[in-house]
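Trainee: Can we go through this model together? I'd like to start with the surface.

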Amino acid sequence: MKCAVVGAGAWGTALANLLARNKHEVRLWAYEPDVVESINQKHENVRFLAGHALAPSVRALNDLGSTVNGAELVVFATPSQVLRSIVKSAARALPRAAPLVVASKGIEKGTLCLMNEIVEQEISEATVIALSGPSFAVEVVSSQPTAVVVASRADGAASVAQRALSSPYFRTYTHTDVVGVELGGALKNVMAVATGIAEGLGLGFNARAALITRGLAEMTRLGAALGAEESTFAGLAGLGDLVLTCTGSLSRNRAVGVEVGKGRQLEEILRGRETVAEGVVAAQSARELARREGVEMPIVDAVNRVLFEGQSARSAIGALMTRELRAEVDR
């Protein structure tokens with residue numbers, strides 16, 4: 001197939017490389033001219049995925065229209081907060097029949113839209129597929145075994161993405177619960193910030209296990225309120241991605257949380273980072289979404305108080321531990 005990948009960060013580059021090694025024709029759009037140059041000349045994304053050789057057939061471009069023109073499958077892998085503007089820019093050149101895979105994870109600030117909703121709003125009659133699951137880009141580009149899920153409400157669309165992406169080291173499952181898959185991918189980043197904060201405070205494995213488990217309960221609760229299937233959160237886009245992001249040493253969101261837990265200011269932490277920690281942005285949107293739906297999310301609330309309202313990390317953990325006693329399962 002002729003495939004276009006929009007966004008040449010680590011994740012977009014890894015997906016472009018996967019598609020190319022699956023013998024598809026791949027064009028990769030990069031915002032940064034130096035990324036285009038390094039991919040085309042060195043077959044390496046020196047800025048975002050240094051040290052990993054890419055398939056020589058991956059062709060990087062700086063022109064968005066030329067990247068998507070004529071594509072039979074388009075993958076969006078941009079940071080969540082620029083997805084809408086990039087989709088708008090690409091809309092005129094996008095082939096109407098091409099399925100659109102959304103690999104970005106997040107909740108848009110202000111509108112509280114999930115990533116698939118942004119694409120559906122900007123491109124009428126789009127066939128949208130959500131891609132999520134436990135997948136560090138550096139392991140995908142290194143051909144480490146990985147399993148993800150692709151979800152779409154359109155008949156047969158998820159299967160198109162499944163066939164295009166699947167390889168001996170990249171296993172792709174299909175699903176129809178787009179909201180659950182999207183929400184799991186967004187909320188797990190907030191929970192990873194929380195577990196990172198606990199780690200930065202020097203708390204033990206007990207605390208981390210509690211945060212992961214209760215975080216999953218919060219994710220499921222909000223998902224159910226938005227019409228998602230509760231079982232989705234027990235799968236790859238929920239529990240799978242949550243465990244990876246909360247425990248993996250490669251997790252950007254966990255790493256930000258660790259530094260916050262050690263007492264560093266958020267602005268200082270983010271100032272020195274090349275890549276985006278989506279959990280910081282998603283924390284505020286998740287709290288607003290929960291309030292809109294009347295859903296209780298105490299861990300999300302605690303992350304917001306620590307990141308944006310000046311509460312100390314240790315005090316926030318104490319507040320979580322001394323909340324009113326309750327049953328574990330909602331009735």
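Mentor: First, a term: accessible areas come from the Shrake-Rupley method with a 1.4 Å probe, and for residues only the protein chains shown count as cover. The accessible surface of the chain comes to about 14200 Å². Carbon and sulfur atoms hold 50% of that surface.

Trainee: Ground rules before we go on?

Mentor: This is a predicted model: local features need pLDDT of at least 70, side-chain atom pairs count only at pLDDT 80 or more, and totals for chains, interfaces and linings use all residues. Residues are numbered from 1 along each chain as its sequence is written, and side-chain values use heavy atoms, with hydrogens and water left out.

Trainee: How many helices and strands are in the chain?

Mentor: The chain has 15 helices and eight strands. Helices (H or I, at least four residues) and strands (E, at least two) are DSSP runs, numbered from the N terminus.

Trainee: And why call it as compact as a globular protein of that length?

Mentor: Because its radius of gyration is 19 Å, close to the 20 Å that the globule rule gives for 331 residues. That radius is taken over C-alpha atoms, and the rule is 2.2 Å times the number of residues to the power 0.38. The C-alpha trace spans about 55 × 40 × 35 Å along its principal axes.

Trainee: What share of the residues is buried?

Mentor: Buried residues are 55% of the 331. Buried means under 20% relative accessible area, exposed over 50%, partly exposed in between (1.4 Å probe, protein chains only).

Trainee: Now holes. How many cavities of 30 Å³ or more turn up?

Mentor: One, in a search of the whole structure. On a 1 Å grid over the protein atoms alone, a cavity is a set of points where a 1.4 Å probe fits but cannot get out, and a pocket is an open set with protein on both sides within 12 Å along at least five of seven lines; lining residues have an atom within 4 Å of a point. Grid points are joined across faces, edges and corners, and a volume is the space filled by probe spheres set on the points.

Trainee: What lines the largest cavity?

Mentor: The lining includes A194, L211, V303 and L320. Helices α8, α14 and α15 each supply at least two of the lining residues. By class there are 11 nonpolar, no polar and no charged residues. Ala, Val, Leu, Ile, Met, Phe, Trp, Tyr, Cys and Pro count as nonpolar, Asp, Glu, Lys and Arg as charged, and the others, Gly among them, as polar.
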